[in-house]
Amino acid sequence: MKPGAGVSVERPMRPIIFICALLPVLAGWAAESLSQRIDKLIAAKAGRQPLAEPASDSEFLRRVYLDFTGQIPTADGARKFLANPSADKRAKLIDQLFADARWAETMADRFHVLLMERRGEEEEWRKWLVASFKANKPWDAMAREMLAPEGTDAAKAGAWFFITKRLEKYGQNPTDHPGLTRDVGRMFMGVDLQCAQCHRHLTVKDYKQRDFQGLYAAYSNLRLQNPNDTIKVKWAMESLLKKEMEFGSVFSETKKTTGPRVPFGVPITIPEFKKGEEWAVKPDKKKGVSGRLKFSPLREIATRMATPENPYFARNIANRAWFLMMGRGLIEPLDLTHTKNPPSHPELLDLLAKELVAHKFDLKWLFRELARTQTYQRSSVLPKGGAPEHLFAFAKERPIAAEPLLRSVLLATGERDRVTKLDEEDAHSLKSFGDLFQGAFANAPREPELAVTPTLKAALFLRNNEALLWLVQRREGNLVDRLIKLKEPAKIANEAFLTLLARNPSDAERAMVKSFLQKQPTLQNAVGDLVWALLSSTEFFVNH
Amino acid sequence: MNPLCKPNEHALSRRQWLGGMGGAAAAGALGGLVSPAVGEVLKQKEKQVLFIWLDGGMSQLESWDPKPNTQFGGPFRSIPTKLPGIHVSELMPRMAKKMDKICLVRAMRTQDNSHSAGVPRIQRGDPKNRGVIYPYFGSAVAQLMGPTASGLPPYVWVKPGSGGFKPTDAGFLGPKYGALAFGDGQPPPNFLRPATLSPEQDTARNELRRAFNFNYAQPRRKANNEANTYVFDTAEILLKRREIFDTSKYPQKEKDRYGNHLLGQHMLIGRKLLEAGCRFVKVNSYGWDTHGDHFNGTVSLVNRFDQAFAAVLEDLEATGQLDHTLVIAMSEFGRTPRINGHAGRDHWPEAWTIALAGCGINAGAVIGATNAQGTFVKGDEYDIGHMFHTWFRALGINPDAVEFDNGGQPLPIAHDEMGVIPGVLA
Amino acid sequence: MADPKKEPKQLQILESERQLLCTRFSPDGTHLIAGGMDAQVHRWHRAEVAPEKEGDEKKIEWQPLPNLAGHHAWVGAMGFHPKAKHIFTGDSWGQLRCTDYEGQKLKVHWSQKTAHDGWLRQIAVSKKHLATVGRDGAVRLWSHAGKRIAEWKGAEEIFAVTFQPDGQRVVFGDAKGVVRVWNFTTKIIEREFTLNEFYKLARIQDVCGLTRLVFLEDGKTLLAVGCAPTDGGTMQGIPTLDWLDYATGKSTQRYQFGVENDVFITDVAWHPKGYLLCATSGVTGRGTTFFIRPGEKEPFYSSTKIANIHALALHPDHQHFTLTSTSRGSNGNGRRLDKEGNYSGNTSPVHVFELPA
């Protein structure tokens, strides 16, 4: 990794050849897309291990719809896609969904859960996320806007939320500056330095105490502020940093100091100012002017962290993008990258990081390349003899978050329009359902949503919740109504499976449906129960 | 496996099989009010835990380790107990008569004197810092021992206030091993089948769901479907035991014996959850943090604990459950010998007492002592890590041989530099 | 309160090695007696001390006398014999004693070891009798010679007791705030009324707020003193004075002072000039002394200088009073050792004040 100006990498990284994207060195590689190169590397590592078949049309369809539009396809959409004979329909669908207005919102949702880990919601933050993805803002720019927010710019103020939510106290605990510091390392560099606060990390040799403390020097210096005339969101005030952060290990007597410092980087010298000359724009509490320091540790960290010169930065986002698409990172856990925890596919991660840098952190480009891989488009049906997860020989089932789950449920049951029209206070309003689904399916605050996790809470909700069961009662124009009108069990089975699972039932399943419908006293209840059984099935609420 | 087999048939055959066992074994204190499920638990003799948590810090000087008529002893007298030479505070007359059933460790000295950090730290066993969040004892037992044959959730928590799912108790073990809390003894939301859904309908639709799941999971990784099936089944099992949560059906005599107050009611629900087969039942009482007016407050607090604790021990003994139930009663620390200006006692982790009974415990033993003033431990001191070792052993788990597996990182289940407290295990 | 001439003037601080509870002046004004948490009865006597400068007035100082031993645990109840120089004291193990309080050779006139089963909380004295109440729920009437005459027993702990001014009835209040009027001759409870604000059930804790019952104005007004509890645990509540019309038991005026951290009015004294001296003890570090006239909305004097006051004693000359407080920094979690590495307890400094003219 070629070190850039201002940052020297102190700890050795795996040396990789910096291939400039404009000068293909190996002729064979230059013609291949990133997707193809990814698949080659996956296959190479898999060796003799059989790979799963490509996902069926249904699996693929449902998967890309959930990943990029935040909900399952409609029955019609499914029917059309399944009937489409063209060979490149999958590639075309990907392009179509990436051009869809919902792409930006869906990515905003997913990054919100990834970055905020269910700490809370905020309108300006969401707006900023959606706008960023709509404009395809490069990831390094997004990161810099979160790490050194510009509150006076209305278009960028929402980004403060990443920091300010973490400065809010919860329970009886004091302001969690160490927690904020830790999350900056985790989310933007893939390193969890929590256990290097009071001493060197006891199990990860790469993480030293000054890696934490250098970051802490910038983030401990923040005080939460309320919105004012110039900054319309909660923001944080940086105090003047005059001296280095002093720290000492609990294991030794010696005291050390450090200026603000990106982990593993070079410490930043704190400049001296004459008294009264520290501010570029002086703060004025009465006028609500937050001021602008000449030397702002936040800005210093942001510019040095979110940059191609910091190898951890690109690798982290590449790894997280891979995780979002494949359900498992190349480095696991996502926030514990170090020399003794190498990626499962080192060359592959190097490639992703390098290419992303070459494409100036264009996330849309990266996600499209990932979507086009065979690896992503594999089935979740295991290859013969099974396979270990880390080879990516089959598609890993991934969780569907509460919000896309709700959207899918409302769409499938045909109740979306009705529910959207109801008054907020109504028990079946969109807001009420939103609260219910979050309550049943979202994790507790600070618990990352990384894997499929069936819970008793969710099971009870699906089994007994009045509002959920309301959705599968017959009502004019909803799914149950439409199914009942079809009368024949075979037709009912086909339509139900297409609507809920984006596929046709097998013969055996058709027979099961027929047998079930015939045994029940009334068709009305029976059809409702059929829909319920499909809704609460593993196949429905897992992204497979 | 026939996916359309009816779960009702299984339940029926279990009951038939138990028919002859039923209530014969359990008379006495419960007066023949034992549910058939008790028979099942007895037959299985599966080890369980009753964990009584007195949140805020019960004063050892006004309960298990009194020092009457000394500088810090407070106003109360001590009373003799069933154990010669052993006294408890006059505020515990019922437990005084039952001292031969319990084991006291009066030499606890722990590290943390705050609640917000101290409570989780104690309940997580305060192990060596390895950069992970350790599970609460209940979550650890849930993972190491799993649910009993009853299929009920393995870690349940009866507490005042809000209920629901408390995943954070589980630490690195993952939310599956969190606590299922019954707030004010009430079951979790969406617990009951709605009136519009008949039991037959419920059964039929669940069979269909299971059948669909089976087909889906066949060619794929089994884990997700298994987890999903497990939680749906648990929901069903809970529903079948819903009578536990209907306290209006409990006989008044029982309620009187345990005490018509929060702790008494919750202890009674806790006992029923144990009988039904929950592996680990935690019963919480709040309000013990008497920094002020301690000597008046402690009268009703200790008295009500004394009543509920004695009642549950009596019942567990009468049914034979005490033999295979580990019983623990404790707080996060004791209270200061020094009496403050608000006539209260503050937090004291330096010298306090934990009470144990049941499975694997040496009943009638008093381990360790504090000095005459009651200020500090005299002789060997024990930390919560020692306690965890002792508890695991009492349950038949060897902390030297058994480890947690945190995604490939092996972790000791109890503090690896501590061991069992001598004299506590039977 | 800006005028220093109108402020009580602090004259002296009396030290003790242990914490003190009830504190009273003897009726002849020569002695100050306090019950301690050390099972002892502490004594000071009024001494004239030679002035520093010739020609100045003699100074009055309260000087310690040897403690009286023989009780157990906490001596929290006391009352003076109306004529003889005797004092009745009660402790938290239930013992009641009558002893001299004056001189060096202090005789124990009589003692009832189990006057109550456990904590004897308060003693009231009339011309002919004394009455005691305790945790055992009993009210007992005794002759001054220590003979038990009558008894009433109920389910709840009894916290406060006083005699009707004519000495014919005993009035007492329990943990739940129920006040009863007991005719000890007929053995009947003639009246009872409940003061709801003095009790709260907080989770499983009975939080009891009643500390004293005091008659005013020759028997027409009964003053209920204590705290309206808001929470248990650390215990919080609002200091409360309730003026009750004794004939009906109805409240004619309620005065609440301060906030939830101020908790208890622990002691009061009636000044013949027509006002009440009150002392509070709240969470550690909080305490107030205030003076209030009945019918007025606010005290005309208050001071927070002295915290955690557990007793207030008015001298029979009505010109001096004492406040029994608690040493500073009396709270703290965990091991706090003094300079020598010892774990020491708190003390109760007694502050002696002179009232303004």
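**A helix and its interface**

Author: Start with α10(B). This helix has 25 residues. From its first C-alpha to its last it reaches 35 Å, close to the 36 Å expected at 1.5 Å a residue. The model is predicted.

Next, burial. Of the 25 residues of α10(B), 21 are buried, so the helix is largely enclosed by the rest of the structure. A residue counts as buried here if 20 or more other C-beta atoms lie within 10 Å of its own. After α10(B) comes B:Gly320. The phi of B:Gly320 is positive, near 85 degrees.

Now the contacts. Chain B has 40 residues in contact with 40 residues of chain C. On the chain B side, two or more residues come from each of α9 (262-276), α10 (294-318), β10 (334-339) and β11 (345-348). α10(B) gives the largest share of that side, 5 residues. By class, the side of chain B that touches chain C has 12 nonpolar, 20 polar and 8 charged residues.

Chain B also meets chain A. There, 44 residues of chain A are in contact with 37 residues of chain B. On the chain A side, the elements that give two or more residues are α19 (456-464), α20 (466-471), α23 (507-519), α24 (523-535) and α25 (538-541). The largest share, 8 residues, comes from α19(A). The side of chain A that touches chain B divides into 20 nonpolar, 16 polar and 8 charged residues.

Conventions
Residues numbered from 1 in each chain as written. Chains lettered and ligands numbered in written order. Predicted model: local features only at pLDDT ≥ 70, side-chain atom pairs only at ≥ 80, totals over all residues. Contact = placed C-beta atoms within 7 Å. Helix = DSSP H or I, 4+ residues; strand = E, 2+ residues; numbered from the N terminus. Nonpolar A, V, L, I, M, F, W, Y, C, P; charged D, E, K, R; others polar. Expected span 1.5 Å × (residues − 1). Buried ≥ 20, exposed ≤ 12 C-beta atoms within 10 Å, placed from the backbone.
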